[in-house]
Amino acid sequence: MGGRDTELVLLDENGIRCDGRKVDEPRRIMIKAGGLKNADGSAYIEFGDNKILVGVFGPRDVHPKHMSNTDTGILRVRYHMEPFSVTERKNPAPSRREIEISKVIKEALEPAIMLDKFPRTAVDVYIEVLQADGGTRCAALSAASVALADAGIPMRDMVAACAAGKAADTIILDVNNEEDQAGQADMPIGYMPSTDKITLLQLDGVLTPEEFKKCVETGIKGCKIVYELQKKALTEKYFANGDSK
Ligand code: ADP
């Protein structure tokens, strides 16, 4: 944050961003449902240069047993970045950042999952970031929703996620790594379109109340784009050519 990089032009005179996008244009997004045969459900997402694989296991017995809840199922999420996912090798030990992101993704998914339908059990979501380029929590949350649906977990809706932010005094959709580092604000949003509910909202940076409102509206537009691609991924797996492998 704070515009430390003076060489980088975040927004040129034609309103084009450092990676060639317009202010309201997301990066290229590709989502695939399934792919891991040993998981109950899985998904793979490419969100710009982010590449993330998610495996879902459960509902299954809880170990250790004392962590189970007789009234409801529990959701456990592990977000993990591969050491090779960033340019400088990342220490493989869980970082504070990975612990935080695991927690926020878990809390963003919980309102979507009907955990009360499977008491005493756990659903485990394993997120592997293979390549990171800013916005991994949103990409991971979006892929996790597809993987949960692929596992047949009862859900109210899928959570679609996308960040909005501010760079060069302008509200932008889908903040990339350079914009995150050199820009003025980054706001990841997780959103359930059918119920119009926000389940993740974080803000790194400073915004005026007007900018905050515009940022939320812009982020939700991005979530709706992601949501269509989540549904497309599931449709392609379960309905294309009658093939349901
Ligand atoms: P998010 O990935 O959700 O945007 P952050 O804002 O914390 O989360 O991280 C922004 C980006 O910074 C990441 O997507 C990644 O590209 C980069 N990054 C995160 N951790 C590291 C690290 N340990 N080493 C190098 N780059 C990192």
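The dialogue below takes up the ligand, the pocket and then the backbone.

Me: What should I know about the model before starting?

Reply: This is a predicted model, in which local features need pLDDT of at least 70 and side-chain atom pairs count only at pLDDT 80 or more, while totals for chains, interfaces and linings use all residues. Residues are numbered from 1 along each chain as its sequence is written, and side-chain values use heavy atoms, with hydrogens and water left out.

Me: Which residues surround the ligand?

Reply: A residue is near a molecule if one of its heavy atoms lies within 4 Å of it. Here the shell consists of Met81, Val86, Lys90, Arg97, Ala132, Asp133, Gly134, Gly135, Thr136, Arg137, Asn177 and Asp180. With Gly counted as polar and Asp, Glu, Lys and Arg as charged, the shell divides into 3 nonpolar, 4 polar and 5 charged residues. Helix 2 (136-150) and helix 3 (177-182), helices being DSSP runs of H or I with at least four residues, each supply at least two residues of this shell.

Me: What is the space that the ligand takes?

Reply: On a 1 Å grid over the protein atoms alone, a pocket is an open set of points where a 1.4 Å probe fits, with protein on both sides within 12 Å along at least five of seven lines, and lining residues have an atom within 4 Å of a point. The ligand takes the space of the largest pocket, whose volume is about 600 Å³. This pocket is lined by 25 residues, and Arg97, Gly134, Asn177, Asp180 and Gln181 lie nearest its centre.

Me: Where does the backbone call for attention?

Reply: Most residues other than glycine have a negative phi, and most peptide bonds are trans. In this model the peptide bond from Gly58 to Pro59 is cis, with omega near 0 degrees, and a cis bond also joins His63 and Pro64. Ala168 has a positive phi of about 50 degrees although it is not a glycine.

How values were computed. Sits in = over half its atoms within 2 Å of the grid points. Points joined across faces, edges and corners; volume = space filled by probe spheres on them.
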